[in-house]
Amino acid sequence: MTTPVNAHADHHCPAHLVRHVTAIAPGLLLTAGIAAAATGLHALPGAANLSPMLLAIVIGIVGHNLIGTPGWALPGVKVSLRRVLRFAIILLGLQLTTEQLIEVGGEGLAIIAATLLATFSFTVWLGRRLGVDRKLAELIAAGTSICGASAIIATNTVTRADDEDVAYGVACVTVFGSAAMIALPLLAGPLGLDARSFGLWTGASIHEIAQVVAAAFQAGPDAGEFGTIAKLARVAMLAPLVIGLGLLARARLRHAADSAGHAAPPMPWFVLGFVAMIGVNHVVAIPRGVKSEIVALTTFMLSMALAAMGLETDLRKLAARGLRPALLGLAAALFVASFSLTLIKLTGWHG
């Protein structure tokens, strides 16, 4: 009597699963440990404006370049970079609701969308003029035009730049986003912006969500709340941008493929999960306490992904990028702030 094929496969499936879990667990624990350390550092006095994601990538880079990333950790590090990252981006959708988009209004959304498209296009164009590598320019463009480090690592799922490019992009959006966080509140009075106009300006132009919150609330609770909502509306535009870049990457690979057509074009289908979570958040009333836990989990998982990125980043390769990408990041930051302000002034928008 022969053994059924399915029974034979079932016999070996648990053993294969155990081997897989055993292989990835050490690296996952390492990136989770770095993310936990970054979260702890973020809670220290004076470090609140430093994103846990930034701290995680810095810890990873320092560890990799001083000690080296051990071989036993590599399988789990790669899982953190891919699967953990994608799941975190899907969860990011639970921070958004359709009501928030409606509150921004059609004209406000148009200002945000126009600023995003103009900033992304300008940054890629200027990157080409400055001789910055296209992939790095796209990462800086995405981080500046949408939502900082989260947008950079989401965009890299289709851009497929080196880890050093990702680290450089994260450094740019952190430095120039922090500068905008300090500068914009000082300009609100001289520019004659009311609370909601200032909130829209911060939400449409500052890089990270945390930086927007820190800047917008300096002009009062109304400006702070609206700035946060405007920023979240901008984050919602991550999905169409990444899918659009995925289609461009697909076209490039098809063009470059040989006659046999062996290219495997990337398509970031996981961002559809991001959109689906926005829908879930609209239909299901998630308790505030649960939602805050989801936000914390999302940030932690993104920190794991950036820790993994740091564990694969060589500082010598990072330094080889030179100062031109930094100049590009500065120009992009100035452009996004001035372009969005111009639209707000020209339209006379007051919420």
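Tutor: The model is predicted, so local features need pLDDT of at least 70 and side-chain atom pairs count only at pLDDT 80 or more, whereas totals for chains, interfaces and linings use all residues. Residues are numbered from 1 along each chain as its sequence is written, and side-chain values use heavy atoms, with hydrogens and water left out.

Student: Why is Leu66 called exposed?

Tutor: Exposed means over 50% relative accessible area, buried under 20%, and partly exposed in between, with a 1.4 Å probe and protein chains only. Leu66 has a relative accessible area of 71%, and is therefore exposed. Leu66 lies in helix α2; a helix is a DSSP run of H or I with at least four residues, numbered from the N terminus.

Student: How do you know that Ala319 counts as exposed?

Tutor: The relative accessibility of Ala319 is 60%, so Ala319 counts as exposed. Ala319 belongs to helix α14, residues 315-319. Ala319 and Glu164 are 8.8 Å apart in space, C-alpha to C-alpha, and 155 residues apart in sequence.

Student: What makes the nonpolar surface patch?

Tutor: Val58, Val62, Leu66 and Ile67 make this patch of about 430 Å². A patch takes residues with over 30% relative accessible area and no salt bridge; nonpolar side chains (Val, Leu, Ile, Met, Phe, Trp, Tyr) are joined within 5 Å, like charges within 9 Å. A salt bridge is a side-chain nitrogen of Lys or Arg within 4 Å of a carboxyl oxygen of Asp or Glu. Areas come from the Shrake-Rupley method with a 1.4 Å probe.

Student: What lines the largest pocket?

Tutor: A pocket is an open set of points on a 1 Å grid, where a 1.4 Å probe fits, with protein on both sides within 12 Å along at least five of seven lines; lining residues have an atom within 4 Å of a point. The largest pocket is lined by 20 residues, with Pro52, Met53, Ala210, Val295 and Thr299 nearest its centre. The largest share of this lining, 7 residues, comes from α13.

Student: Which residues line the second largest pocket?

Tutor: Among them are Gln95, Ile209, Arg288, Lys291 and Val295. The second largest pocket has a volume of about 380 Å³, and α13 gives the largest share of its lining, 4 residues.

Notes:
Helices (H or I, at least four residues) and strands (E, at least two) are DSSP runs, numbered from the N terminus. Grid points are joined across faces, edges and corners, and a volume is the space filled by probe spheres set on the points.
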